[in-house]
Structure formats: structure tokens, C-alpha cells
Amino acid sequence: MGAQTTGEKAFSVINTLLMLLLCFITLYPFLYVLFASLSDAASFIQHRGMLLKPLGFNLDAYKAVFKNPMITSGYRNTLFYVAAGTAINLLMTALGAYVLSRRNLYFKNILMFGIVLTMVFSGGLIPSYILINKLGMMNTPWALLIPGAISTFNLIIMRTAFQAVPISLEESAKIDGAGEFTIMFRIVIPLSMPVIAVMILWYAVGHWNSYFSALVYLRDRTMYPLQLVLREILIANSTDSMSTGVAADDKYAIGETIKYATIIVSTLPIICLYPFLQKYFVKGVLIGAIKE
Amino acid sequence: MDLSTGQTIRKDLRLNWIIYLMALPVIAYYLIFHYGPMYGLLIAFKDYSPAEGIWGSHWVGFKHFDSFFNGIYFWRLIRNTVLINVYDLIFGFPAGIILALLLNEIRKMMFKRFVQTISYLPHFISIVVVAGMMFDFLSRDGLINQLIGMFGIAPIDFLKESGWFRFIFVSSGIWQGIGWGSIIYLASIANIDPTLYEAAKIDGASRWRQIFHITIPGIMPTIVIMLILNMGNMLSVGSEKVLLLYNPLTYETADVISTYVYRKGILEASYSFTAAVGLFNSVISLILIVSANAISKRVSENKLW
């Protein structure tokens, strides 16, 4: 490489500064939330402007969060929805992908067309709501687990991966007497593990973060997933139930830090896992892009 | 050991029978949960009563469409839906491309990876948490008001003033999505033939010229495909976020078709009317994606199908 011109040097400097600014804007809100959640409620309320470290150190907000029965039950429910939902997603998506990856299946094109059509046209919210109601799934966990059992986009990605498995492997397994299930579970899926891993992640994070279907289909608060509990605390602003036993003046103050502690508690699992999972997420996007 | 023809056929049938069995739950799933609601759209042309069912309810033709098109909220909903999406297209869509171009110019790999890792992060945070953080930062005595207060600016109730809604919605979307949006463009930049850059350098092309004459043309197919996909989602994207962020004070600029459907349909139980509104929404989306694809096919030969 030749010597850089002044213009190029200036460009590099400005670019680096821009990227640092982007990192700051992305990261600082999380740091602020973390610092605020650990702060002493009274001094936090007095404070103006940015936080560069917690003001004092106080875990009262966290204690209040973990004492809240809605948070703990929300956590439990979400873990269940993530585990059961992802298992159903994987099974159904893998089945679909396996069937569609078979060569010489004469109804395959019709099937494929019918499936892809659902990506560009859908019945929408109200007919789905009526359907769920009619099926008796209203106000049951099934409403969160079954209607989204397959993401068509993921199905297509998985099918592409399954098609990449060398056909000779399957043929030799067949000669050895293996049935379709054996081929699928013993050969095709193990050879497609990178994609399966990506699918697990995408589906699991989807279940962890989803709130809308619970909002629409659940009435019973004991079944609420964490995100719906969060919505009440963060958006509808109801921290009162968590600060019972606290004097009215302090209630507002601790309510503020409780909100921040709630954000941390509900986001921590993803943030902690994120560095390890990031490359799989990214890989998924790239695999998905190849199909175009 | 050779099998006779008859045995082979029987074995084939038996194997295919298992395939059919495997396909069954998948077909059932699509029929029930995707085509079922499409059938349910019939109620848009009926006065649906749960007692009489979808087929048994009375036909009313285009009554619900009429009352939607002539209703007082029609133009407000169209305006809000279109504007939010157009702003997102103008400001949000290029953001990921610009970030990818800038990231690509960073020569220090460690730093590049550092920026990428941080910028992807918000994508994985739930929309409820993001909205919750926005509520707190943008409230009357929140962080943003404290900061602008230092410059003597009077506090603004950002989320309660309709004039701010679109700006807040689109800019927070960029905050959350810019890093993730850049991945696909970075990958497509990585696929550009490096000899093109070598040749350009020999011809004395500056970094700027390389960006405009090699990198951007090189990723154009990806840009077009992403644009088509965006067009298809145009009328549905973001409704879950609007639902969290808006309130009656900001309906004026925030209420979009899908949130209106949720309010009128789920909360007020006017099923047939909102099914008609939803159908209108779906049809427009379909038209948008099909025409974006057709236009793209004609002008650039890039297509989704």
C-alpha cells in the first residue's frame, strides 16, 4: 500500500470517531440502566445528568424484584415457553424441511408453493384470533406454542441445509435398512448441526422476547410470560405492588430503581449468553441470505 | 441380494408412506394455522356472529369496507402507516448499508470486530425492554430532558407529544437495528472481487471513488433484494412497537392500521369490521411486494422470485 493522502488519513480518523460514537450510543443506555439499578434510590432521585458509576451501592431494588411473585412466575413461565416452544418449533420445522428436501416427491412443488404463499399473504390478526378461540386454545399455553410452530423463513433455510447432505450417504443407509426417521435423525440432522444450532437460537430468543401473542391470547395472569409482566412494570408503570411496606415518599424513589433492576434481571440472560452466541446468530443471517 | 421389481415397488411405497406421514403434521399445521385464517377472512364480507359461525353468518358485501374507507380514521391511519414506513425506508434502510461501508473501511480487524459486536447487541433485546428504556429516558424528568436541560432547553414530554412520535419511533428503530442490518451487506462486500480494488488503486482511485464505483455497485443486488423484502413488510412492520409506545395523546401521529385492528378487533370485539381492515392491509402488502419485485426485475434483473 502506498502512503496515505491527507484526505484518507482524515477519513480514517473521522470514521474511527464515528464508530466510537456509535459504540457509546449503543452501550451507554445499558450501562446507565445497570448503574441506576445498583444506586441508592434516594440519591438516584436527586441526581441530574449522566451516571458514570452507581450512586452508592444498594441491592434493595433487586430484592424487591425477586420478591415480586409476578416476576418469578413470569420467569418460570417464560422458561417453559422457551423450552417447549423451541422443541415444537424444531421438530415441526425439521419434519417440514426433511420432507421438502426429498427428491422425487411429486407433490413437492404444490406443497412448496402453498408454504411460500403464506409468506406474502396472511389472514391477519382477527381471523387468527377467532380460530384460536374456536379451537379452545384461548387462555392456554398452547396458544403461544402451536400457532407459530413453523417459521416459513426458517423452514426454507433448514431445507437448503438438508439438501446439501450428500445423497450417497442416505442411499447407503437405505441399503443397510434404515427408514426415513433413522435417516433424518441419524444422518441428515447430525450433518446439519450448524443450521440446527442457529435455528434453536433464533426460535429460543424469539420465544424469550415475544409478548404480543401472550397479550392477545392469555387472560390469566398466572400464565403471563416475563415480557408481559415487564410491560406492566415498565410501560404501565406499576411498581407499587413491589414496594409495599415502604413509606409513601420512598415509594416513588425505590419504584424508579425497581424499574431499572427489572430491566437488568430480564435482559441479563441474553446479555450474558450473547458473546458466546453472537457468531451463530450471524451465521444464521448469512445462511438465510444464500438462498436468494 | 437383489430384490424383484415387485418388492422394490412395495418397498418404495412403504418408504413414501412414511414420508407422507411425516408431511402430515406440517400440512395440517399450514392448513389450520395459515389457510384457516385466510378462510376466516370471509367474515370481512359478513356480519360475523360467533353463534352462527363463519359460514352461517349473513353476507353483507362490502359494507365493512365502505364504513372503513368512509370512516373518520381512514386517512389518519393511512397517513400514519405510510409516513412511519416511508421515514423508516428513507432513514432506517440506508443506515445498515452506510454502517457496512464505514466498517469495511476500518483496517484494524480487532477494532472492527469490537464495533460489530457492540452494534449487534440491541437487536436481541426485547422490544418491551427497549420501549421501557425509552419511556424512562424520554420522560419529563428522564435522562434526555436532564441533558438538554443543561443547555437551558425546557423539558419536553417526548412520548406524550404527537409531533415527536415518528422521529422517536424511527430513530429508536435505527438504534436497535443498524448493526444487525449491516451484517448482510458486509457479507456481500466480502464477496466482491479484490482485483477490482487493485486495478482501481493502480488507476489512482481514492477510497471515496472505490466506495462509489466498486463497493456500492458490488452490493447493489443485495440492496435491491433487501428493499423488495422491506416493501413487502411495509404495512405490518413495527406494530408491536407502536402498541407499546403510543397512547391516546399520540394517536394522531402514531395509530397505524395494525394497532387500530388490535384495538377495535381484540379489545372492542368488532370482528367483521376489523377483519375487513386487516384484509385491506394484507392486499396492499401483497400488491407492494409483487410490484416491487416486478419493477426490480425490469430495471435491474434482481428478483425474489
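Which residue, with a positive phi, follows α13(B)? That residue is B:Ala269, whose phi is near 60°; helices here are DSSP runs of H or I with at least four residues, numbered from the N terminus. This is a predicted model, in which local features need pLDDT of at least 70 and side-chain atom pairs count only at pLDDT 80 or more, while totals for chains, interfaces and linings use all residues. Residues are numbered from 1 along each chain as its sequence is written, chains are lettered from A in the order in which they are written, and side-chain values use heavy atoms, with hydrogens and water left out.

**Interface between chains A and B**

- Contact, meaning heavy atoms within 4.5 Å, links 92 residues of chain A with 85 residues of chain B.
- The area buried between the two chains, that is, the accessible area (1.4 Å probe) lost on putting them together and summed over both, is about 7,900 Å², and carbon and sulfur atoms give 78% of it.
- Between chain A and chain B there is one salt bridge, a term that requires a side-chain nitrogen of Lys or Arg within 4 Å of a carboxyl oxygen of Asp or Glu.
- That bridge pairs A:Lys259 with B:Asp136, and their closest N and O atoms are 3.4 Å apart.
- Helix α1 (residues 6–38) of chain A supplies 18 residues, the largest share of the side of chain A that touches chain B.
- On that side of chain A, 62 residues are nonpolar, 20 are polar and 10 are charged, where Ala, Val, Leu, Ile, Met, Phe, Trp, Tyr, Cys and Pro count as nonpolar, Asp, Glu, Lys and Arg as charged, and the others, Gly among them, as polar.

**Helix α13 of chain B and its arginine**

- Helix α13 (residues 257–267) of chain B is mostly covered, with nine of its 11 residues buried; buried means under 20% relative accessible area, exposed over 50%, and partly exposed in between (1.4 Å probe, protein chains only).
- B:Arg263 lies in this helix and counts as buried because its relative accessibility is 14%.
- Leaving aside residues up to four places away in sequence, B:Arg263 touches B:Tyr246, B:Tyr251, B:Asp255 and B:Glu268.

**Salt bridges within the chains**

- Over all chains, a search of the whole structure finds 15 salt bridges.
- A:Glu180 and A:Lys174 form one of them, with closest N and O atoms 4.0 Å apart; A:Glu180 is buried at 3% relative accessible area, whereas A:Lys174 is partly exposed at 28%.
- B:Arg79 and B:Glu252 meet in another, at 3.4 Å from N to O.
- Because B:Arg79 lies in helix α4 (residues 74–104) of chain B and B:Glu252 in helix α12 (residues 251–254) of chain B, this pair ties together parts that are 173 residues apart in sequence.
- B:Arg107 forms a salt bridge with B:Glu105, their closest N and O atoms being 3.8 Å apart, and B:Glu105 is buried at 8% relative accessibility.
- Salt bridges with shared partners join B:Arg76, B:Arg79, B:Glu252, B:Asp255 and B:Arg263 into one network.

**Cysteines**

- Zero disulfides are counted over all chains, a disulfide being a pair of cysteine sulfur atoms within 2.5 Å.
- The sulfur of A:Cys23 is too far for a bond, because the closest cysteine sulfur, in A:Cys272, is 20 Å away.
- A:Cys23 is buried, with a relative accessible area of 7%, whereas A:Cys272 is partly exposed, with 45%.

Methods
Helices (H or I, at least four residues) and strands (E, at least two) are DSSP runs, numbered from the N terminus.
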